[in-house]
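Hi everyone, thanks for making time for this. I'd like to walk you through one structure, a few residues and helices at a time. Let me put it up on the screen.

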Amino acid sequence: LMQVRYLPQFDGQTLKDVSIEVRERAIVTLDPQGRPVRQVSYIEQGEQKFVAGLVSDGEVTYWWTDSSGEEHRATLAVPAPNRVTHVRIGRNGSVLAGTDRGFVYHWGLVPELKLTDVSPVSRTRVTALEWMLGGNSWTAAADDGSLSGWFRAPLESGDFAMVRAHTFEPQAAPVVAMALSGRERSFATIGRDGEIVLRHQTSERTLVTLPPDGPVSAALITPKADGLLALEQGVLRRFALQNPHPETSWKTLFGKVWYEGYAKPEYVWQSTAATDDFESKFSLVPLIFGTMKGTLYAMLFAVPLSILGALYVSQFMDPTLRQKVKPTVEVMAALPSVVIGFLAGLYLGAVIERNLVAVILMIPLMLLIGTSGVFIWRFLPLRIATRLRPGTEVVLILPLLLLAGWIALAIGPTVEGLLFAGDARLWLQSALGLTYDQRNCLVVGIAMGFAVIPLIFTISEDAFSGVPSSLTAASLALGASRWQTAVQVVLPTASPGIFSAVMIGFGRAVGETMIVLMATGNTPVMDWSIFNGIRTLSANIAVEIPEAPEGGTLYRVLFLAAALLFAMTFVINTVAEVIRQRLREKYKAV
Amino acid sequence: MTAQPLRRGDPAIWLAGSGLGVSLIMITGMIVLILTNGLGFFWPGRLVQLTLKDGSVLLGEVSGREPIPQPGTPEHLTHFRTQLKLGNRDLTGVDFRWIEEDAIAARDYPSDALYVERREYGPFIGRAVKLTEGERELSSGSEAVAAALAPLVVKAARDRDTIRGLERDELGAVNYRIERARLEMRRLELEAESSSNPETAEARGEIERETAELKVQYGLLEQRLATIVEEASRTRVTLRSASGEEKELPVLDLYRVYAANRLTTSQRARVYGSRLWEFLSDDPRESNTEGGIFPAIFGTVMMVLIMSVLTVPFGVIAALYLREYAKQGLVVRLVRIGVNNLAGVPSIVFGVFGLGFFVYFVGGSVDRLFYPESLPTPTFGTGGILWASLTLGLLTVPVVIVAAEEALAAVPRSMREASLAAGATTFQTILRVVLPAAAPGILTGLILAMARGAGEVAPLMITGVVKLAPDMPLDGFFPFIHLERKFMHLGYHIYDVGFQSPNVEAAKPMVYATAVLLLLIVVLLNLTAVIVRNKLRRKYQTSAF
């Protein structure tokens, strides 16, 4: 075993001389029987050394040292009639042997040397076999031109099995050699006819194809991944290589990708990790999903409350009260979202966690008791009842709502004890299998709903107030009640305005950043449970862009996310505007 | 009798009213919550000494109480626990502790318990032991030391001011000049590389001499500072915690000392006032969880002002064009829809644009052209107050345009016609008649834009806001306004202290207090806008005849 060191000597900027130092590291007798070694594969990992040599058609001799420096030796046999064509050692001493029957045998060394998988790569001879960057997955080419990527994926049982995770675009002639980039997961495949194709492993992309120009015997990607060397019949050709974002394609951004170590293809966003051979996973789907989920819950909370509120203020409320209430809600629109967000994250999250049942009960109970005020009002002593003119119901409603809130808090623990065995979160976990995050979508829904209520309220109140009084007067004169007038005359007339209010509220919720940033755990998971956290496009940008190097892949993907957000809100706002104008035309006649 | 209101839909009206009521209760609840938490924080509470049944003694401020959840047992929520703010983070490692009330043997309020605010590790809660100056003991015993401390703490504040003055102004000035000399040197070197000018060698020698002189000055100042610090740190106080551990501190590090259980209400109010003043006027301490937020207030105000200076002309000119000059057609309608749409674009998108365009593209170019001497350290090619203000300007310009257009439209036609009939040109009419009449409306728009700008955080956090900016964007060194500097911002302060600080529980009151301030600014700006608008409406109602 020899080590060759090239020592370039520089004189200022110019290369003066390259001295070559050859150092003997170890001499290993691979085969005690002294058969000639046809092929050898060698790697070093830390202090450990691994050497495997092909000594006969079906036998590979394997020599390695463990972490204590002790030498080991084994013979790996492939059953006949397989004949080994390629031997390669990967990380932790895993050995691959490709055969002329199209199988790839895999022996693992940890915890003990064992044949773990036999992978049917093709029906034809394996013509090239290489471990990919990181040494966890490998790519095999076969005589029929097929090219596939494999790695050991976790099974549900906890075991691992070799799976065909990637299939690459086949080449005209069988691939005879591969050259790997030492920087990322790009690799070049060299066909028998001399065609060189640059590909990327995870994204399965074919990056570039160099047409054949005579047979190529060897190729190499330079260590900085800025060039590709090919040896063509004794002529060394150098191609400049510029390959800035090989791992991203529409498919990796929006489709399922089978990443190394995952059980199946999935949508994953994970931009950084602690390990070196980590691969960035940029799927925008979980983020879009999170955005939509958060927005949906916020709208579920905000739309009923704000439209009911607007209807009440514009149609039923006493004018003097209205003049006080409207500015209050408008000022609420100006509340900085960072304040709402921090309250949601630091206060509401903890309160809801403690009183989950009470909070869920609270809103329906409030609406119920508030509504029942109509009956309470009838039984009030006449002296007080007459002072509550129509339009001042809210004066009675407010204390009723506070009472309802108090009742909800008071009966919460009892209900929890009766229905959920005393702990709703535990019950969710055991009965429904739902995990509970402290900063979840319920919190976001309420907080973001709170932020959009004033927006929807103001616009729909304007729409309701804009309905000509001649219409309401006519309806009332014909004997319709106040409510009938509101629902059957005012609501249809104002519907374009209401629609646009909801759309604008939706647009605001989609782009809201600080609230989601603070009120969720920013976990990019995909499920509909209201008790889980989310990560939205906007929060993701805020979290990641300060660390994204300018011009890098992450930076560009985040710009794409911003462009997506822009497009979403732009479309929503434009649609809102257009529909409002069109419906307005329609109702102009009324 | 009840059937009739049901049919008429009266309950539905009450339902609608309840919808409004829920919203109103949420707003009030939120504001009350922030106000009580934020303003209550400065009020000095009493210190309680708890003797537990196991014999241990705890001294601290009660900060919470809740029932203990024990689901499935009859004891569920019937027993309580108390949260105590213990302070003394350097001794125990924790600020807060929950104590089950069943474990408490005795509660009392010792009159000699001191609440000591200091430079590091949060407050110290305990008793004073002795006061020493060098080797000499000045006084001992909790009462005597506490009495002797009061004037010393005042003196410590003065000393700190002197030290900070020296550090910031004199040392800072010398440092600043050294840095400028270094950059000048580097610039000359770069110049020398491209052309060999004999004058540069002379200039370089000059700079070298100057630098050497400055370094001598710097050394002298540093010595002076060291002696002052040493002198001031000679007086030291020894404190003892409830569990008996002692801690010696230089008086210079003390910010406020009071015997919490002996204060009269008016004394409490005085402590409250001084804490509030510290909060508004001082620099932050202990990774922003204590001290004041003055740099954040300053940064916010300055950013909003720069933003206004940039937005108003653009917004008003755009509105003038759209309303007074442009032919009302498809293009103008499209522009209007575009402006409205711009107002609905998420703020983070503006932030991303600001980062990509202003910071990296414009800032990077400015650096290469004008500040090559300090590269690779970016000057304008990194987030700064100018870029943040510009980004916010883009964000708020639609608000100004819309408000200005409305204001222009509200100017009575008769006024315009009168001016034109008197022979004024369109431009003169606009400048002398229309704009003055529309000014209050434009002002309203500006105030609304300022309110929006002050409350916005997301775009700022990627274009130049930082958690701690040692240098303010405005100071006494030429050119006085440093637009390239990073700055602090109230909204970001809330996010940072509440979510990124290592000790969130201890930082919470600070977050609430900052939120109160931000809320106050934003709500006041909005109310001003509403009032201005209402006044305006009345004015035009009377003038419309």
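Let's begin with A:Asn522, which is buried because its relative accessible area is 12%, and buried means under 20%. You'll find A:Asn522 in the loop between helix H13 (514-519) and helix H14 (537-544) of chain A. What makes me stop at A:Asn522 is the backbone: its phi is positive, about 60°, although the residue is not a glycine. As a reminder, most residues other than glycine have a negative phi. Before we go on, please keep in mind that this is a predicted model.

A:Glu204 also deserves a look, with a positive phi of about 60° although it is not a glycine. This residue sits in the loop between strand E17 (196-200) and strand E18 (206-210) of chain A. Is A:Glu204 buried or partly exposed? With a relative accessible area of 25%, A:Glu204 comes out as partly exposed.

Now to the helices of chain A. Please find helix H2, residues 285-316, and helix H10, residues 441-465. Their axes come within 6 Å of each other and cross at roughly 35°. The crossing of H2(A) and H10(A) is right-handed. As for what lines that contact, by class there are 20 nonpolar, 10 polar and 2 charged residues.

Let's stay with H2(A) for a moment. How many of its 32 residues are buried? The count is 26, so H2(A) is mostly covered, with buried taken as under 20% relative accessible area. H2(A) also bends, by about 30° at A:Ala302, and a proline, A:Pro304, follows within four residues. And what about the length? At 1.5 Å a residue, the 32 residues of H2(A) should span 46 Å, and the end C-alpha atoms are 45 Å apart, which agrees.

Within H8(B), the buried residues include B:Val332, B:Val339 and B:Asn341.

Back in chain A, there is another helix H8, residues 393-420, and A:Ala404 lies in it. A:Ala404 has a relative accessible area of 0%, so it counts as buried.

On to the salt bridges. How many turn up over all chains? A search of the whole structure finds 42. I've picked out three of them for today.

In chain A, the side chains of A:Arg535 and A:Glu544 meet in a salt bridge at 2.8 Å, N to O. A:Arg535 counts as buried because its relative accessibility is 11%, and A:Glu544 counts as buried at 9%.

In chain B, the side chains of B:Glu278 and B:Arg256 form a salt bridge at 3.0 Å, N to O. This pair links distant parts of the chain: B:Glu278 is in helix H6 (residues 265-281) and B:Arg256 in strand E11 (residues 254-259), 22 residues apart. B:Glu278 is buried at 9% relative accessibility, and B:Arg256 is buried at 12%.

One last stop, in helix H6 of chain B, where B:Val271 has its place. B:Val271 is buried, with a relative accessible area of 11%. B:Ala144 is 127 residues from B:Val271 in sequence and 20 Å away in space, C-alpha to C-alpha.

That's my tour, and I'm happy to go back to any of these spots with you.

Terms used. Residues numbered from 1 in each chain as written. Chains lettered and ligands numbered in written order. Predicted model: local features only at pLDDT ≥ 70, side-chain atom pairs only at ≥ 80, totals over all residues. Heavy atoms only, no water. Axes fitted to C-alpha atoms, helices over the stretch in contact; angles between N-to-C directions. Helix = DSSP H or I, 4+ residues; strand = E, 2+ residues; numbered from the N terminus. Left-handed = near helix turned anticlockwise from the far one by under 90°. Nonpolar A, V, L, I, M, F, W, Y, C, P; charged D, E, K, R; others polar. Expected span 1.5 Å × (residues − 1). Bend = angle between axes of the 7 residues up to and from the residue. Buried < 20%, exposed > 50% of the residue type's maximum accessible area, 1.4 Å probe, protein only. Salt bridge = Lys/Arg side-chain N within 4 Å of Asp/Glu carboxyl O.
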